[in-house]
Amino acid sequence: MLTEHTFAYVRVVALAALPRRDERSREHLDNTARHARPVVLARERVLAVPGPLGALLPGGAVQRGTVVAVDGDPGAGTTSVALQLAAAATAAGEWAAAIELDASLGGLAAGEAGVALERFAVVRRVPRARWAAVVAALLDGVSVVLAEVPAYARVGDTRRLLARARERGAVLVAMGPWPAEAALRLRAGGSVWRGLDAGAGVLVERDQRVHVDGRGAAARDHVALVEAG
Amino acid sequence: MAERIACLWCPAWPVVALRARDPTLCDVPVAVVERGERGLVVIAASTDAVAEGVTPGLRRREAEARCPGLTVAEADPQVEARAFERVARAVESFTPRFVLEEPGRLTFPTRGPSRYFGGDTAMAVRCLDAVRDIGITDARVGVADGGFAAVLAARAAEPDAAYVVPPGESSGFLAPWPVAVLEDPEPGEAAELADLLVRLGLRTLGAFAALPDGAVLGRFGSAGARAHQLARGDDEATASPAPPPPELVETAELDPPAVHVETAAFAAKALAERLMERLGALGLACTRVMIEAETERGERLTRCWRHEGALTPAALAARVRWQLEGWLTADGGEPNEGTADVSVDELATSGLVLLRLVPDEVLPATGRQLGFWGGDPAAADRAGRVLARVQGMLGHPAVVTAVPQGGRTPGERVRWVPWGDPREPARALEAVTAPGANAREVPPWPGAIPAPAPARVLEPPPPAELLDAAGEVVTVSGRGDPSAPPARLRCAALPGRGGEIAAWAGPWAHDARWWDRRARARRAYWQVLVAAPDGETIACLVAVIAGKAALEAIYD
């Protein structure tokens, strides 16, 4: 009710101020509009994650403007988990990008994870000296940025990226050791593969273990995520 | 009365440009192909190939079947535009007011030069002399009222000759042409129109021109009305455009001066986008643009490009890029000819310091309505801008996007295309079946590694060792049989430098491109589950190429 009331008020102000087209009245109008805007609760600014991974996340979504740190040993499933977050963005009609220190991301796997490839850009072989600048640039215009974190990323840089993500409402998915705070920490804990035998069969599907740690996720450790291939 | 226009046309220009670059192709039949909706399609062929029945529009495979020994090359508009810069310079020696329509064709108003040389015919002969001097022997010149009729007159001309349609007789000249010429040169709306007209029984321009104006506008819309004007020989709509307001000129100063095409083209891309955005805000579309550049030594270079229909930012950026190639690349590899004296004072002899785009001809945009769906255009804009910025920081090829394509291994099945380039696969996704063949479901790419795809494809693959229980290296025979079941994988890229193999499948053996001695590769692939030190298993794809094993991909 309260919000409706304020809307009506804004409209009256707008009508009264429109004939005066000078800078001051416009500024005043903008300020009024900003104050009167209905409140957006933090829990509404989220990116819904579909599928089994979403079921593990608090609220089935990741908060926009936060950092999600994804970590794990090589081969434990870090990339697959991160790609599912990118798929969540493109499924919502938004854009995703990945930043790689080398050039090893499997484009086919991204497509199979559900990423719309025409809205998914990959920046390959980023020089470490420009890493922070590239991540910051992408956070400006892309909803979900998957970034491989170099081994000796400076804490100052990562803090600045955290602030940039918050300011732009983008999700930064940090792959690798993330030295700053993160709203959500996912750890890929290996997977059980099915379909392959001694000399027979072929890899078909896997159970991917993901440990979820972060606010509202205390009870969600050690849950298995089934990922059908 | 439409303005008198001359059109200089060099047929099969892609072939001419290709032969200029590679003189060894001069005495073999050549066809240039372009990737279209139907796969690789011939867009131009040399005369000896045409004599064998290779015509534009033919699929590559059919062209090769008709003319054994045919050399097929992919179209490269940059090379074509660069080669055409020589022709442009030759024409510039007698008229400055010409307009490049596309590589291979330019038009210019005849009023000044014809009076100077004593008539259209004399002027056309002078024009042919000029291009013959630079080694182009089969150019044609057409002169008529209006650009459209001039282009067709050039098509009607004999090789190395001129066809002059007397003033006021353009409509009579146009009448017998089939309506299909309306779709020339860019297929699109006009192609649909021509197709529709044929189905309505209007097979010639004359028949179409005889329809009343109002009926054409009512039935076919503004595009149809424009085509109707062209068919009547009334080509005035574009001849008297409103002069664009001077504040539409977009200028970029390049500091440091751009010496490489890449640097200048990058600046030009942003410039083109800015120009189009401003024109769009005013409801204008641009059909002709002047590209101007200044060099460090104060030289000024100017060229005018025209486009059928309105230029899009990408099309404009491509044209600017072609032009910059022409200016900055010293004489694009012409064969042993005395062109050096022409080029020295014409080409940019130093870096470019200033780039300017002047919309030379603007029309009210009749509009491309944006779709109701297909995402948030503002978000797409924002993403496009930041990706362009990253390309500015790291170079154009650093930002890529994946395009699935045909192939067998995970690495082959994706083509990484620089952001902003057309998303086209290099190899077809499906095996092509001949028309009329038994339309059985053919599995495309037999022997492809089945899904799921690995999330990490290592490039280059780190060397690995696949060992059997006795510690010997596992080999794969020519028939695809392994010497022993694999038991251990050793690779420095894996945690614990590899480990025991818990399960495996394969080998999938391919004898890829066995018909090509140079590209032939015998490869075998294994899927293995390797035990990691912490008790987990890691799924890997191991390739054995020419007896050497390597870790191709990790199912991360």
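**Ground rules.** I call two strands paired if DSSP finds at least two bridges between them. Helices (H or I, at least four residues) and strands (E, at least two) are DSSP runs, and they are numbered from the N terminus. This is a predicted model, in which local features need pLDDT of at least 70 and side-chain atom pairs count only at pLDDT 80 or more, while totals for chains, interfaces and linings use all residues. Residues are numbered from 1 along each chain as its sequence is written, and chains are lettered from A and ligands numbered from 1 in the order in which they are written.

Entry 1: I began with strand β2 (residues 30–36) of chain B, which is joined to β3(B) by 6 bridges, the two running antiparallel. Looking across that pair, I found B:E34 opposite B:V41 in β3(B). Stepping back, I saw 3 strands forming an open sheet in the order β3-β2-β4 of chain B, with mixed pairing. β3 (39–45) and β4 (71–74) of chain B are the edge strands, each with a single partner, so one side of each has no neighbour in the sheet. Neighbouring strands here are turned by 40 degrees against each other on average, direction ignored. As a reminder to myself, strands of a sheet pair through backbone hydrogen bonds, either parallel or antiparallel.

I then asked what lies across β2, β3 and β4 of chain B. Helix α1 (residues 13–21) of chain B does, running at about 120 degrees to β2(B). For angles, axes are lines fitted to C-alpha atoms, for helices over the stretch in contact, and angles run from 0 to 180 degrees between N-to-C directions.

**Entry 2: two helix partners of α13(B).** Helix α12 (residues 261–281) of chain B packs on helix α13 (residues 313–328) of chain B at an angle of about 150 degrees, and their axes are 9 Å apart. That makes α12(B) roughly antiparallel to α13(B); the scale is under 35 degrees for roughly parallel, over 145 for roughly antiparallel, 65 to 115 for roughly perpendicular, and oblique for the rest. Among the contact residues I noted B:A264, B:A268 and B:M276 of α12(B), with B:L316, B:V320 and B:L324 of α13(B). Contact here asks for C-beta atoms, placed from the backbone, within 7 Å. By class, the contact of α12(B) with α13(B) has 12 nonpolar, no polar and 4 charged residues. Ala, Val, Leu, Ile, Met, Phe, Trp, Tyr, Cys and Pro count as nonpolar, Asp, Glu, Lys and Arg as charged, and the others, Gly among them, as polar.

Next came helix α4 (residues 77–92) of chain B, whose axis comes within 8 Å of that of α13(B), crossing at roughly 50 degrees. That makes α4(B) oblique to α13(B), and this crossing is right-handed. B:P77, B:Q78, B:A81, B:R82 and B:E85 of α4(B) meet B:R321, B:W322, B:E325 and B:G326 of α13(B). The classes for α4(B) with α13(B) are 3 nonpolar, 2 polar and 4 charged.

**Entry 3: where the chains meet.** How many residues does each chain bring to the contact? Chain A gives 49 and chain B gives 51. On the side of chain A that touches chain B, α5(A) gives the most, with 6 residues. That side divides into 25 nonpolar, 15 polar and 9 charged residues. I also found β5(A) pairing with strand β13 (residues 399–404) of chain B, antiparallel over 2 bridges. There, A:V122 stands opposite B:V400 in β13(B).

Entry 4: Most residues other than glycine have a negative phi, and most peptide bonds are trans. B:A12, not a glycine, has a positive phi of about 50 degrees, and sits in the loop between β1 (4–9) and α1 of chain B. Is B:A12 buried or exposed? B:A12 counts as buried because it has 22 C-beta neighbours inside 10 Å; the cut-offs are 20 or more other C-beta atoms within 10 Å for buried, 12 or fewer for exposed, and partly exposed in between, with C-beta atoms placed from the backbone. I also noted the cis peptide bond from B:A451 to B:P452, with omega near 0 degrees.

Note on methods. Contact = placed C-beta atoms within 7 Å. Left-handed = near helix turned anticlockwise from the far one by under 90°.
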